[in-house]
Amino acid sequence: MNRSEKRQPSVRLSLRKKVLFGLLVTCGFFVFLELSLVLLGLGKNVDTSDPFVGFSKRVPLLERVTDEQGQVQLRTAANKLVWFNDQQFPLKKTANTRRVFCLGGSTTFGRPFADSTSFCGWLREFLPLADDSTQWEVINAGGVSYASYRVAAVMEELAQYEPDLFIVYSGQNEFLERRTYTDMFETSDLNFAVTAALRRTRTWGVLQSAIHRSDDPQRRSPAEVLPGEVDEMLNHTIGPADYHRDAQWHAKVLHHYELNLRRMVAIARGAGAEIAFVVPASNEKNCSPFKSEFEPGIDQPSVNELLKRATVEAHDGQWQRSIATLRQAQRIDDQYALVDYRLGQAYWETGDTEAAQQAFQRALNYDVCPLRAPEAFLETVRKIAAEQDATLIDFEKRLRDRCYDEHGHSLLGEEYFLDHVHPTIDAHRQLALWITEGLRADGIIAGSVIPEAQQQVIVERVRASIDIEQQGVALRNLAKVLHWAGKFDEAAPRARDALQCIPDDPESLVVLADCLVQMHQSEEAVQKYQRLISVAPFYGRGHLAYGEWLLIAGDHENADQHLSMAVALLAPDTDRYWRAVYNGAIAKIKRQQFDEAIPLLEQIDTAFPDDASTLALLAEAKAGLEDTQAAIELYRRAIRLRSGEVAWHTHLGFLLLKIDRPQQALNQFEAALALDAEHPRATSGRSIARQLMNTADESKP
């Protein structure tokens, strides 16, 4: 037999089998590599950096100080006290001590109050009773307006100080700062998920370590750099003007939130600590949306008209008709948050709490300015806790259950919240108890349920320690924020609460009085304003607010009196001072005291040259003093600076008639009627001008 006869027939593999074989070999190699790295203790991935957001400067939260005994302590840095509570604890943890860091936003901080009545303060009282086998240190590291990416950055700093447990309440501030997420928009969801999975491998860790050793740290930067401290979008506008419907941005914010929760787990476990997540809860029943916005192309006038009609029907107690009207509006735009909120209120009044809850939740989810965590964020906390085997305290669910037991419904509202997200002191207390239960259930703490009698002793001690005046100031500040946001029916109760703590407080009175004006409760508003002037006769803001309201109400004499007092009492060159000067000039013009109005208006014109409204008022005052030519020139300047004011064209037209310029007057009346075809004075002026021109033509030879 020759050699060719001895050859075995060759086996030809199909392309599919070749690919499969190649994948198996590759996967096998990486599995072998991962196992080898585990055995060698290499490549443990400790990269907890944020790929999307960095900070222009990193000012540490804590600074080292030496106490009277010469011991080194860590204390909240002085320049951080705007956002954080003043906290202090030893640098080196003493024996048999467990250190707990509570992180999050203003709820963790304890707003509108402070640390002692936050859930952190209550934990400081309850943990020694729940588990007395150890000494407890509970540090409140909640930062006002801090979103998850800032919370994670704080957590990275705290991880070096021997933590035993991190408790995280985060999710209400995710939309406060604008981030572009440019790189994330260019990355598909599949790519994002695969990259996230790879980042958890040892192989990735080895590669990252090798790259970082050879790379300049200054060159490795996140996609976007934010200021060192919170820069809220709300600080740049009056109200939530910068917020608009943006489903893509919302989706990426949610992605970023999920990534930061995962980072927090990695940071905690890298420091050898446990982590517990709290599912945030919000006021849905007694908090209207901060901003509603129409879908493009929607018939906005129809929706607005239906909302007005539904409001009248609700005022008359015709709730079923109001519901029908609102559902009609909903069919035009099913994502206009205010419609859903009004529906929730109407369903609540009819006793249909299930439908009310659905409507309120939709209103929360479709709020264009999401200062309350949307439903998807709550589900994300639950999902991450389950995936990462982290302790979960479902505050939202537990609070609903408690609400049902206490009130017969599960709609979260003013029973447990002071505003849109900040719980009452009692709700903070209850959250602290639920946290201790959750920690005990997961074996993080020992001990048993705290007896009611011991709880009551703690409650009485904490309440006795509350500074009533400080609490009143906190409630007043909360009322001012809600008033600024245009939520007058929500601001008024907080102003009343403040006055219970600090009776006759001028700031609280002025906020409450203006809320009552905006809510069309004029009689009580007058009472509050008169009370304000009585208890604080030299409070310039009070005279300004009362004077402005009297001016609108048509009581020009009293308006003039209070606005003059405001000018005398307010600090010069402030916004309120110039408001008082401007409105005081208007009051004097209304009283035909033109000679007194002119110096005020000239003062404004000097400080703010070429302000069209000021020039028009000055023209009116000059005309009142029969200085017609000066008034004409001032109206012309005002119109050149700002077109579209019917009244200015009309006034100018009549002044031109006065000096026998009918053709020029006609031009002004025509300009006014082009803006408002049915304006009565402009129509009358045009008729007079034409008659004068016809008479002049007839008199010609």
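At 1% relative accessibility, Trp122 counts as buried, the term buried denoting under 20% relative accessible area, exposed over 50%, and partly exposed the range in between, with a 1.4 Å probe and protein chains only. The structure is a predicted model, in which local features need pLDDT of at least 70 and side-chain atom pairs count only at pLDDT 80 or more, whereas totals for chains, interfaces and linings use all residues. Residues are numbered from 1 along each chain as its sequence is written, and side-chain values use heavy atoms, with hydrogens and water left out.

Rings of Phe, Tyr and Trp (the six-membered ring of the latter) were paired if their centres lie within 6.5 Å, with planes under 30 degrees apart counted as stacked, over 60 as edge-to-face and the rest as tilted; by this rule the count comes to 17 aromatic pairs. Phe84 and Tyr146 form an edge-to-face pair, at 5.0 Å centre to centre and with 80° between the planes. This pair links distant parts of the chain, 62 residues apart, with Phe84 in the loop between β3 (72-76) and β4 (88-90) and Tyr146 in the loop between β6 (135-142) and α5 (148-158); helices (H or I, at least four residues) and strands (E, at least two) are DSSP runs, numbered from the N terminus. Phe84 is buried at 3% relative accessibility, and Tyr146 is likewise buried, with a relative accessible area of 4%. Trp122 and Phe126, by contrast, form a stacked pair, with 5.8 Å centre to centre and 20° between the planes. Both residues lie in helix α4 (residues 119-130), four residues apart, about one turn of the helix, and Phe126 counts as buried at 0% relative accessibility. One aromatic cluster is formed by Phe119, Tyr169, Phe395 and Trp434.

For salt bridges, a side-chain nitrogen of Lys or Arg was required within 4 Å of a carboxyl oxygen of Asp or Glu, and the count by this rule comes to 44. The side chains of Glu387 and Arg262 meet in such a bridge, at 2.9 Å from N to O. Glu387 belongs to helix α14 (residues 375-387) and Arg262 to helix α9 (residues 247-270), so that distant parts of the chain, 125 residues apart, are linked. Glu387 is partly exposed at 47% relative accessibility, as is Arg262, with a relative accessible area of 22%. A further salt bridge joins Arg476 to Glu507, the closest N and O atoms being 3.5 Å apart; Arg476 lies in helix α18 (residues 468-484) and Glu507 in helix α20 (residues 506-518), 31 residues apart, and both residues are buried. Salt bridges that share partners join Glu284, Glu379, Arg382, Asp394, Glu396 and Arg400 into one network.

Helix α26 (residues 612-624) has 13 residues, which at 1.5 Å a residue should span 18 Å, in agreement with the 18 Å between its end C-alpha atoms; the expected span is 1.5 Å times one less than the number of residues. The helix is mostly covered, 11 of its 13 residues being buried, among them Leu615, Leu617 and Lys622. The buried residues of α26 pack against α24 (575-590), α25 (594-607), α27 (628-641) and α28 (646-658), where contact means heavy atoms within 4.5 Å. Just after α26, Glu626 takes a positive phi of about 65°.
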